[in-house]
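Me: I would like to learn how to read several features of a structural model. Please take me through them in turn.

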Amino acid sequence: MNTESQRQRAVSAYTAFLNTPLDTLLQQHLHTKAESAVLSLFHDVVTSVPAYKNFVAEHAINPDLIQTIEDFQTLPLITKENYLLRHPLANLCRYGQLEKCDMIAVSSGSTGKPTFWPRFFTDELQIATRFEQIFYDSFAADSRRTLAVICFTLGTWVGGIFTTNCCRYLASKGYPITVITPGNNKEEILRVVQELGTAFDQVVLLGYPPFLKDVIDTGIARGMEWQRYQIKLVMAGEVFSEEWRTLVGERVGFQHPCFDCASLYGTADAGVLGNETPLSICIRRFLAAHPDAARTLFGESRLPTLVQYDPMSRFFEVKEGALLFSGDNGIPLVRYNILDSGGIIPYDAMVQFLAKHDFDPVTELQTHRGRGVRQLPFVYVFGRSNFTVSYFGANIYPENISVGLEQPEIRDWVTGKFVMQVKEDGDKNKFLSIVVELAPGEEGSEEKRQVLVSSILSQLLRLNSEFANYVPSEYQMPQVSLAPTGEPEYFPVGVKHRYTRR
């Protein structure tokens, strides 16, 4: 691709973004066959991306025979291990040209070694549409002066950069949005809100849920009146309860919880895949109050994140309980297994299910500005199926903890088994809990517990750069407890051990 075509690609995409109202764009997508679009994506990627062309050839697939959605569903799944880590970064991009991507962001993997995610300006515009859905449908930011305070970690980290850019694109489209980027500096966030907040009609805090709660609680402890600023929240990276949403909403003065906050379902791999809407929040709050209906719908007793998605932007499938998606990006992905468990529910099927339980969310929302209801499909997400836990937006892997237990001063008196989970205290603040199994014949002591805490924390900081950068220092110390060999709650004998709980 030459310089002129690169320029034209940017100009064309940006012009379309600026000139196409959100309603028009989503209506167009509702009347376009997503199956045709994803087939076109496959044929484009298999001819233009060297790594994917090799991947398909290795599986003895003739691309010309992939003509229907049924054919498409026979394609092998790609993962980080079987695809992304096996090829040079440039070969994962179109025409093997890394230089045609104008930005590279970073996320951590299980070893702490960064994964690089290149993308071009145009890739961010389709993600900006997800932000536009929230700012338009939920916050009425097309007509309200809005201060967007970016509380995600900045630097090379994907969340902060993506969010900042997308909010600025909305401002360029005509939204009266002003962006400021204190990152995850709590003192600076509080200063910004107090000094600038009253100059705007509303203040939107964008960050990871437990961190935003910590910011809010710190402000309250200092006598800050959050209600003065008409606070809205945009969150990502964590599954949280509706009780949590209610608690935080009460502390900042939410008037309409379905319209005052929204969570993004996003990944470093492909940006935002879906987003909470007033409709999805209304439904989730109903299901939280009716656990039997939720169990029937989702098949589990835990409540997943529930979002809506645009199938023209990200095409979802479900295979054996795992979510797959396909979508264009700096590194295009076709049938990518992100290792999230969950499912998809068409709009009509969701409405019909709720009607059987005497609930009509559309009617519930109609009194509020006439916004928030779009006939987009739903995707629900239980979280990673590869035994990670998410803490302040950082993926924490069992491998990170294991290294802390394998140090010379520790390994002789532990079995190597542990259970890691994120818990909440009575005030809904999250903390990282780790229960460690002692070796047979060993007894626990405060000295041993402190040695473990120090070792685990130092290895987490060393190995997991997301943990080191995302989690505020006052929340990094894990709460470690020791259990005897075979303790039945955490280490039952004869049962395959699970290192994480949710």
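Me: Where is the place of Tyr-499?

Reply: This is a predicted model, in which local features need pLDDT of at least 70, side-chain atom pairs count only at pLDDT 80 or more, and totals for chains, interfaces and linings use all residues. Residues are numbered from 1 along each chain as its sequence is written, and side-chain values use heavy atoms, with hydrogens and water left out. Tyr-499 lies in the segment after strand 18 (479-483); strands (E, at least two residues) and helices (H or I, at least four) are DSSP runs numbered from the N terminus.

Me: Which residues does Tyr-499 touch, not counting residues up to four places away in sequence?

Reply: Contact means heavy atoms within 4.5 Å. By that criterion, Tyr-499 touches Pro-398, Gly-416, Lys-417, Phe-418, Val-419 and Met-420. The C-alpha atoms of Tyr-499 and Glu-399 are separated by 9.8 Å, although these residues are 100 residues apart along the chain. Tyr-499 counts as partly exposed, at 30% relative accessibility (buried is under 20% relative accessible area, exposed over 50%, partly exposed in between, with a 1.4 Å probe and protein chains only).

Me: How is the packing of helix 12 and helix 14 described?

Reply: Two packed helices are described by the angle between their axes and the distance between the axes. Axes are lines fitted to C-alpha atoms, for helices over the stretch in contact, and angles run from 0 to 180 degrees between N-to-C directions. Here helix 12 (residues 278-289) and helix 14 (residues 347-356) pack at about 35 degrees, their axes 12 Å apart. In this pair, Leu-279, Ile-283, Phe-286 and Leu-287 of helix 12 meet Tyr-347, Met-350, Phe-353 and Leu-354 of helix 14.

Me: How many disulfides does the structure hold?

Reply: A disulfide is a pair of cysteine sulfur atoms within 2.5 Å. The structure holds zero disulfides. For Cys-93, the closest cysteine sulfur is in Cys-101, 4.2 Å away and therefore too far for a bond. Cys-93 is buried, with a relative accessible area of 1%, and Cys-101 is also buried, at 15%.

Me: Which residues of helix 3 are buried?

Reply: The buried residues of helix 3 are Ala-34, Val-38, Leu-39, Leu-41, Phe-42, Val-45, Val-46 and Ser-48. They pack against elements including helix 4 (50-58), strand 10 (315-319) and strand 12 (333-345). Helix 3 (residues 34-48) has 15 residues and reaches 21 Å from its first C-alpha to its last, close to the 21 Å expected (1.5 Å times one less than the number of residues).
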